[in-house]
Amino acid sequence: MNETYQSQSSLLIDEPPMLMLPSLAKVLKSADKAIIVQQIHYWLQIKRKAKDTRSFKEGRWWVYNSFREWHKQFIWISERTIQRHFKDLVAQGIIIVGNFNNQNYDRTNWYTLSYERLNELTMTDCRDHYDRSSYPPRQVDVMDNDKLSGVSRQVVRGITTSCQGYYDRLS
């Protein structure tokens, strides 16, 4: 095959990407907060799959990091902004903070997620979406899906999927 090679950009994905659902960003009203929550979830799953008993406290999996260490994962967000995002997510009840350090002087925080609170926010978002709708929740999905662009079709499918439980209760 005669292929012309063009140099690659260092800004394109050659490293593992951080992913988050746009619907999570919508519920949290911030893509950065959504990525933070998703990254905490990622690390909690790593701990759970590894059966890291040191990270299992009070019936939950926990991950610990200083804000400096979190900043290494979210290099585009300033350390101060990361602190503000964490504070806001804690205030919303999404992130739970604990201290399970062996040494009293160690103030490194441990973090876990309140999946219950995330589910509540999802259901509130669904309820708000449907309450503001002047049409049945499935109308776009059924009638106009063939007219939507690929991106819009994905958004509608995401809303329909994430709100399915709420929709079922309305029916």
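What follows is a chat about confidence, the nonpolar core and the ring pairs.

Tutor: This is a predicted model, in which local features need pLDDT of at least 70, side-chain atom pairs count only at pLDDT 80 or more, and totals for chains, interfaces and linings use all residues. Residues are numbered from 1 along each chain as its sequence is written, and side-chain values use heavy atoms, with hydrogens and water left out.

Student: What does the pLDDT average over the chain?

Tutor: The average is 77, and 64% of the residues score at least 70, pLDDT being the predictor's confidence in each residue, from 0 to 100. Over residues 133-162 the pLDDT is below 50, and this stretch has 19 contacts in the model beyond near neighbours in sequence, a contact meaning heavy atoms within 4.5 Å. Where pLDDT is low, the predicted coordinates should not be read in detail.

Student: OK, the core then. Which residues have the most contacts inside the largest nonpolar core?

Tutor: They are Leu28, Val37, Ile40, Trp70, Phe86 and Ile94, in a core of 23 residues. Such a core is a set of buried Ala, Val, Leu, Ile, Met, Phe, Trp, Tyr and Cys residues joined through side-chain atoms within 4.5 Å, where buried means under 20% relative accessible area, exposed over 50% and partly exposed in between, with a 1.4 Å probe and protein chains only.

Student: Which elements give two or more residues to it?

Tutor: Helices H1 (22-28), H2 (31-49), H4 (79-91) and H5 (115-132) do, together with strand S5 (110-113), and H2 gives the largest share, six residues. Helices (H or I, at least four residues) and strands (E, at least two) are DSSP runs, numbered from the N terminus.

Student: And what does Leu28 touch, leaving aside neighbours within four places in sequence?

Tutor: Leu28 is in contact with Lys33, Ala34, Val37, Leu89, Gln92, Ile94 and Leu121.

Student: Switching to rings: how many aromatic pairs are there?

Tutor: The count is eleven, taking rings of Phe, Tyr and Trp (its six-membered ring) as paired if their centres lie within 6.5 Å, with planes under 30 degrees apart stacked, over 60 edge-to-face and the rest tilted. Tyr42 and Trp43 are edge-to-face, because their centres are 5.0 Å apart and their planes are at 70°.

Student: Is Tyr42 buried, exposed or partly exposed?

Tutor: Tyr42 is partly exposed at 39% relative accessible area, and Trp43 also counts as partly exposed, at 28%.

Student: What about Trp70 and Tyr111?

Tutor: Their ring centres lie 6.0 Å apart with planes at 70°, so this pair is edge-to-face. The pair links distant parts of the chain, with Trp70 in helix H3 (residues 67-73) and Tyr111 in strand S5, 41 residues apart. Trp70 is buried at 0% relative accessibility, and Tyr111 is buried at 2%.
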